Amino acid sequence: MATDSKKVMVIGGGIAGLTAAWELSQFDIDVELIEKSCFLGGHAIQFCCKATDECVVCGACSVEDMLKKVINQPRIHVHLATQVASITRNGAFQVQLEKSAAPAGSAGVLTGYSKNNQPLIVTTDPAQADAASKDAVAWNDLGTSGRLDVDAVVLASGFQPFDARAKGTYGYQKFPNVVTGLDLERIKRTQGAIVRPSDGQAPKKIAFIQCVGSRDERLGNLWCSHVCCPYALRMAQDIKHADPEAQITVFYMDIQNTNKNFPLFYDKCRADMTFVRNIPVDVYPEDGDRLRMRFLDDADGTALNDTFDMIVLSIGIAPGADNAALAEAMEIELNADGFLAAADAQTKTATSQNGVFLAGTVEGPRTIAASIAHAGQAASDVINHLGVSHD
Amino acid sequence: MTEEQITMNTDVLVIGGGLTGLQTAAEVAQNGYRVNLIDAADLPQIPDAVSANDRIDVMTETCLIGATGVAGNFNVQLKQNDQVVQKQVGAMVLATDLRKQPLHDVYGLALSDTVITQSSLDALLADNPAALAGRTVAFVVGLAQESNPVVLERVLRAILEIQKIDGCTVYVYTGNLKVAADGLERLYKAGRDQGATYFKLTERPTISSNGASVAFHDPVLRRDIEIAPDLLVIEEALAADDMTAQLAQTLRIDASAGNFLQIDNVHRYPVATNREGIYVVGGARDVMPVPVARADVGNVALRIKQLLGKGETRVDARAVLDTGKCTFCLTCFRCCPHGAIYWAAENKPVISPVACQACGICASECPMDAIQIVDFSDDDILAKVNERATSAGVEPTIVAFCCQNSAFEAAQMAATFNMRMPAGLRLVKVPCAGKVDIEYILSAFAAGADGVMVVSCHTGNCKSERGNTYAGWRVAEAQRMLEEAGMNKDRLVFATVASNMAHEFSKICVDLEAKIREL
């Protein structure tokens, strides 16, 4: 069958985009993988391993696996620091690519986790070039502009982490030891251990606040983000594993499942930590960069005060910043929550536009495992759409 | 390297004729493969997409009772009534449905007109919803089990149906509300907006035997709350089909607790089992909402297309068996985690190059050293060990056997980020820690290494499931042998890391270096 003429554009180089690209490449389809930032792997590549004595099935390492496969696959052409300027349709898709702007607030040097994937260090400010490694690549040298013709499009542009500053009373970015779950992943990933930002010391008493930005009627965020309970509990167990003396309190509404082993895992969590079914509202600074919160006791409803070394805000998955622009460019719709709408509530990959498919969190909250499965499904649908068969 | 051309049978067996099984059959048939769809029950409703498809052959009241062979060439025995038929298939899809399990026993209740299961309520709402007019209906959910989004969605949808009926009142007693699926938070809100009252409890309420009184102590209001519903709806658990335990045994599939046919191993997502050519979808692998099971269907279609192609595949041999050395002891057959070794007609073991993952566990376990892994033969590895142990020229010299899936990656990352590493550290890449023989470890010491590390994946994260377990056993045995020889066993370390644990890898190495300096 004539497979050599088929080409697919995948927008987004996170776990969903990587998976879709790799699956398509297995069927001899050429893939143009467009990534706005200068690294592949998206959010998930920044996550740390949370294994205790055993793997806790967070899936962070499977992102590494997929990244390695993609960068060694010649049929996948990666365009870093690149975005879609315009797209028109005349049977196939005509895409105009342009260089994307360097992210603001990067202090001139970006370092990535995409180990074998060049570049590892990118300078956005030429004045910083000397300070960075001699292997550093300038942002200006990256990026593709020009025209592409593709037969189908996979949108895998992902999510944005909920901006914890929108919940002002928690004092995120005001108090150094109020961090988000994503910050905590990066701390563990870059430093190999959980430490307080204020002094680099291991915190002894830690609070996790669940549902920050999710299940929040006042914000209009009427969805559960799926991932926050799993990552918070896994991280909490990891902290207990490293330091059995650490005291952990989890403030929650409803604890969501991790994986098949959840009942046993949850029993262990309840034995090792304190669970309070109450979401505190205010954080007050105390001496030594410690933080105090007031909440209601589960057992008798009395108001309690407790002080912590570190507070972790379990931020959720918010719709991608580019979703509206992407929907307009592709002439597809957003759903009620601001994610891109699938044409069918059960299939969830096809859109109202023939030849345009969704993969991963661009469609709604998903775990790493669910994003991989969704991207595989999208690739399968693309292959059926293109009528490609494997020899 | 020897490339082999292998003929693949392109028929596919799908086990289970529920929604996911039917969708799988249709999708696989659409890709041009013949499908045998079997189900233990009679299937009253088979959609046209399946029944009218001449590539799909449906056999009802049929069970799989035996299977031999490997991916591309399975021989299966199917039993329909009292007749046994043999079929050859290239791949299998396990697509059994979930089974509903009423949990009234856990609440100490007997079912009656006023105490009913979720399934009975669903039937009532479909057949005669008017019968519920004016009634107070209470649900108990998530208090007899750790619930899940599929269980919760049934409750939330039933509540919205009840709220369409005149004069109904709804109460829900719940543990953790499992809203982690698309749209559930909105369904939950819609029910509450229309008056459903939720009590979130951590313990089961006190329920009278006829269900007419449900009481608990509210800690916030500091009082007992008792409600007298007309109808009490008891949650149901969703369990793997009864036949999955037997399927796991017949097909040599690693099953999880509850007999789901996939263990929680990140390398198996989404639809793989421990055996090539045997895939698992939907309720056969986990409790999942319909859209997630639908994703499995797309994935399994891809995997089958990739495996079977047009009926021929070219593969490189990955493990080579010296039949002259083989004593037919069956060790390899038993220890292969991928079921890649089968018995050929001439009574000798054959390693299928299609199913083999080249982990090397069999090669290390074989008492006759009759199996060699391509690119990782004993001679190759021992030569590397000797070179690494003697070439560092720095004291202490540490030889680290690193699994290529985890430790070797972590080591590369540590080097890329300029993390601290002992100057005398030398790596030996192995396909899986399960390939590290005791002989390799002892050879490293004999060649002059001051320390040896075997670094594998975490428990539960091994691509070959048990490679790290074998490695741990062998290191323990080698430590015993070192002690007998008068050496300190702390010179030999077994550790586990993930591919992204550069820091931890660096620390393990540096710690061993410090330890050796102490000794």
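Me: What makes A:Cys228, A:Tyr231 and A:Ile239 in H4(A) count as buried?

Reply: Happy to take that one. In this predicted model, a residue is called buried when 20 or more other C-beta atoms lie within 10 Å of its own. The residues of H4(A) that are buried include A:Cys228, A:Tyr231 and A:Ile239, along with A:Pro230, A:Leu233 and A:Met235.

Me: Why is H4(A) called mostly covered?

Reply: By the count: 12 of its 15 residues are buried. Their packing partners in chain A are helices H3 (181–191) and H5 (262–272) together with strands E13 (205–212), E14 (247–251) and E19 (310–315).

Me: How do you know that the reach of H4(A) is close to the expected one?

Reply: Helix H4 of chain A (residues 228–242) has 15 residues, and its first and last C-alpha atoms are 21 Å apart.

Me: Over in chain B, why is strand E16 said to lie largely in the open?

Reply: Strand E16 of chain B covers residues 223–227, and of these five the number buried is zero, so the strand lies largely in the open.

Me: What makes E15(B) and E16(B) a pair of strands?

Reply: Pairing needs at least two bridges, and five bridges join E15(B) (residues 214–218) to E16(B), with the strands running antiparallel. Across the pair, B:Ile225 in E16(B) has B:Phe216 opposite. The hairpin has four residues between its strands, and B:Arg222 takes a positive phi near 55° there.

Me: Which domains does chain A have, and what separates their centres?

Reply: The domain assignment gives domain 1 (7–100 + 143–158 + 320–386) and domain 2 (164–316) of chain A. Taken over C-alpha atoms, the centres of domain 1 and domain 2 of chain A are 31 Å apart. Their contact takes 12 residues from domain 1 and 17 residues from domain 2. The domain 1 side divides into six nonpolar, three polar and three charged residues.

Terms used:
Residues numbered from 1 in each chain as written. Chains lettered and ligands numbered in written order. Predicted model: local features only at pLDDT ≥ 70, side-chain atom pairs only at ≥ 80, totals over all residues. Helix = DSSP H or I, 4+ residues; strand = E, 2+ residues; numbered from the N terminus. Expected span 1.5 Å × (residues − 1). Contact = placed C-beta atoms within 7 Å. Domains from an automatic or database assignment. Nonpolar A, V, L, I, M, F, W, Y, C, P; charged D, E, K, R; others polar.
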